[in-house]
Each structure stands twice: as structure tokens, then as C-alpha cells.
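Here are a few notes to read alongside the model.

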Amino acid sequence: MKPKSENYLVLVDFDGTITQNDVGALLFNSLSGEKSKRVVSQWMKGEISSKECLERECELIEITKKELKNFALSQKIDENFLDFVDLCKRERMDLAILSDGLDYYIKLILKKYHLEDIPFYSNTVRFQGRRLIPQFPYYDKGCGNCGNCKKYHLKNLRGAKQKVVYIGDGLSDKCAVAEADFVFAKNDLKTFCQKEKIDYFEFKDFRDVISVFQSNLLEHLRKSC
Ligand SMILES: [Mg+2]
Ligand SMILES: [Zn+2]
């Protein structure tokens, strides 16, 4: 019997999930002399939206397009993600990236690893000299607390009978996990899932994700079709 896993949609966070570092956090922390940490902690406490958080972080730093390009290209992904992309292709699972970060570095890092075919949905950025001007093309469609609400994309991308697998590491993923059928979580997202009593598979990197898919998730998904 042929696997029916074309019925599955896999959505993956970018910063700290696909990449080894949280690229956005590293960028803003290192260039703002850690001033961005205060803004981020306000967001984590729910005092400001991630849109406002990103706007304020951008105001704290100066960087040219070329410098940001060099910074982005110095960043590495978890290379097990490449095997995971192959697994998704083999099993004919739809794969997309959802990020509340900025398109400019995401695009460069994906291209560096020849992953530019994977669709991604994020905030965008415009350069004005040494200033970054963030833009939020999906803000109005979301929950109001996210710059780019992942729940909106999950609902928008999901086919009528598709099951959704969500993989992430942080609080920008929390709107999505409540809607997903299967969640992979680490770090702050893991803590959030525990608090909210959302079932999740724990992972450290994509080797763990692949092994859960191979050992039970694919079987489980096939049987449930
Ligand atoms: Mg993340
Ligand atoms: Zn949201």
C-alpha cells in the first residue's frame, strides 16, 4: 500500500529550529549591546506584541544591507534538516516555514543550503541606509499579538483533510501549536506546551524529529488515514 502522507502538512519555525542560533535574537542582542533583551522580555511577558517588539528592536540597531548579508551567511542550520527535507519529499508531505523574523536573512540562509524551493512566510524588511524598517504583510490577518501569526498560515495552508505537524522552539510558535495535530517542541515552546497541557514530542535537533517520524509518526499517520 502506498503511503498517504501527501495528506500531511509540515510547518517549521526558522530561528533556533532550522538554524543553530536564533538568528534574529543574536543580531539584535549583539548590535544593541543587549538592550534588545529588555524589549524581548516585555514581549515574553505579553506586555507588547511581537510586531512592536520587532519594531523596537530594529530601532535599537544600525546595520547596512551588506553587513546583514555577511552576518546571515555566517549562520548555520542544523544539517539534519537537510535529511528531514528529503524525508518530506520521499513521503510526499507538504513542507513550509513559518517565521516571525525577517525575510532578508531567511532567504539568504535557505539559499546557502540550496533550500530556496521551500516556501516561507515571514515579516519583511526594507533598508534605509543603516536602518532596518520592518514590515508586516500578514499582521492584519493574525491574532493581533504576533507580527506574523502562525495560526493564520496554518489555517490558510492546511488542505481540507490534511493533518498538521508543527515543529518549533519558542513563544512565537504558540498560536500555531494549539491548532496543530502533532507538535514537536523544545526550549520555551516546550515549557509553554507543558503549561497549556498540549501534547508534544520533545526534540533537540532534526535527528530526533526524523527518528520520531520513522519510528511511529509515519505509521501512525498512515493508519489514521
Ligand atoms: Mg524560533
Ligand atoms: Zn498569533
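Which residues does Ile63 touch, not counting residues up to four places away in sequence?

1. Ile63 touches Leu31, Leu68, Arg130 and Leu132, where touching means C-beta atoms, placed from the backbone, within 7 Å. Please keep in mind that this is a predicted model, with local features needing pLDDT of at least 70, side-chain atom pairs counting only at pLDDT 80 or more, and totals for chains, interfaces and linings using all residues. Residues are numbered from 1 along each chain as its sequence is written, while chains are lettered from A and ligands numbered from 1 in the order in which they are written.

2. You will find Ile63 in the loop between helix H3 (50–60) and H4; helices (H or I, at least four residues) and strands (E, at least two) are DSSP runs, numbered from the N terminus. Ile63 counts as partly exposed because it has 18 C-beta neighbours inside 10 Å; 20 or more would be buried, 12 or fewer exposed, with C-beta atoms placed from the backbone.

3. Now to H6 (residues 103–112), where Tyr105, Ile106 and Ile109 are buried. Seen down the helix axis, the buried residues of H6 fall within an arc of 100°, so they line one face; the arc is taken from the directions from axis to C-beta atoms. They pack against helices H1 (23–31) and H4 (65–73) and strands S2 (94–102) and S3 (120–128).

4. Just after H6, His114 has a positive phi of about 55°.

Notes:
Two residues are in contact if their C-beta atoms, placed from the backbone, lie within 7 Å.
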